[in-house]
Amino acid sequence: MARCAICDKGAHFGNNVSHSHRRSNRMWKSNIKSVKVKVNGAAKKMYVCTSCLRSGKVERA
């Protein structure tokens, strides 16, 4: 699973809990996109989460 290159956000793990309280594993995947980003004036492809894209921490190339 990819991680955000800016904030290092990745997948989180936990349990599905049924009505009878049986537990099974589950995963919450963060919304990560492969994006061309300006890094020191040059375009570079990185994995960035959408919250970093929306907040303006990254400038698209």
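In the predicted model, Ile32 makes contacts with Ala2, Arg3, Cys4, Lys9, Tyr47, Val48 and Cys49 when residues up to four places away in sequence are left out of the count. Three of these partners, Cys4, Val48 and Cys49, also belong, together with Ile32 itself, to the largest nonpolar core. Two or more core residues are contributed by each of strand E3 (32–39), strand E4 (42–49) and helix H1 (50–55).

A nonpolar grouping is also found on the surface, where Met1, Phe13 and Met27 form a patch whose accessible area amounts to about 370 Å² for the three residues together. Of these, Met1 is located in the segment before E1, and it is classed as exposed because its relative accessible area, 61%, lies over the 50% cut-off.

Strand E1, which spans residues 12–17, contains Asn16. Beyond residues up to four places away in sequence, the contacts of Asn16 are made with Arg22, Arg23, Ser24, Asn25 and Arg26. The C-alpha atom of Asn16 is separated by 29 Å from that of Ile6, a residue ten places apart from Asn16 along the chain.

Notes
Residues are numbered from 1 along each chain as its sequence is written. This is a predicted model: local features need pLDDT of at least 70, side-chain atom pairs count only at pLDDT 80 or more; totals for chains, interfaces and linings use all residues. Side-chain values use heavy atoms; hydrogens and water are left out. Helices (H or I, at least four residues) and strands (E, at least two) are DSSP runs, numbered from the N terminus. Contact means heavy atoms within 4.5 Å. Patches are made of residues with over 30% relative accessible area and no salt bridge: like charges are joined within 9 Å, nonpolar side chains (Val, Leu, Ile, Met, Phe, Trp, Tyr) within 5 Å. Accessible areas come from the Shrake-Rupley method with a 1.4 Å probe; for residues, only the protein chains shown count as cover. A salt bridge is a side-chain nitrogen of Lys or Arg within 4 Å of a carboxyl oxygen of Asp or Glu. Buried means under 20% relative accessible area, exposed over 50%, partly exposed in between (1.4 Å probe, protein chains only). A nonpolar core is a set of buried Ala, Val, Leu, Ile, Met, Phe, Trp, Tyr and Cys residues joined through side-chain atoms within 4.5 Å.
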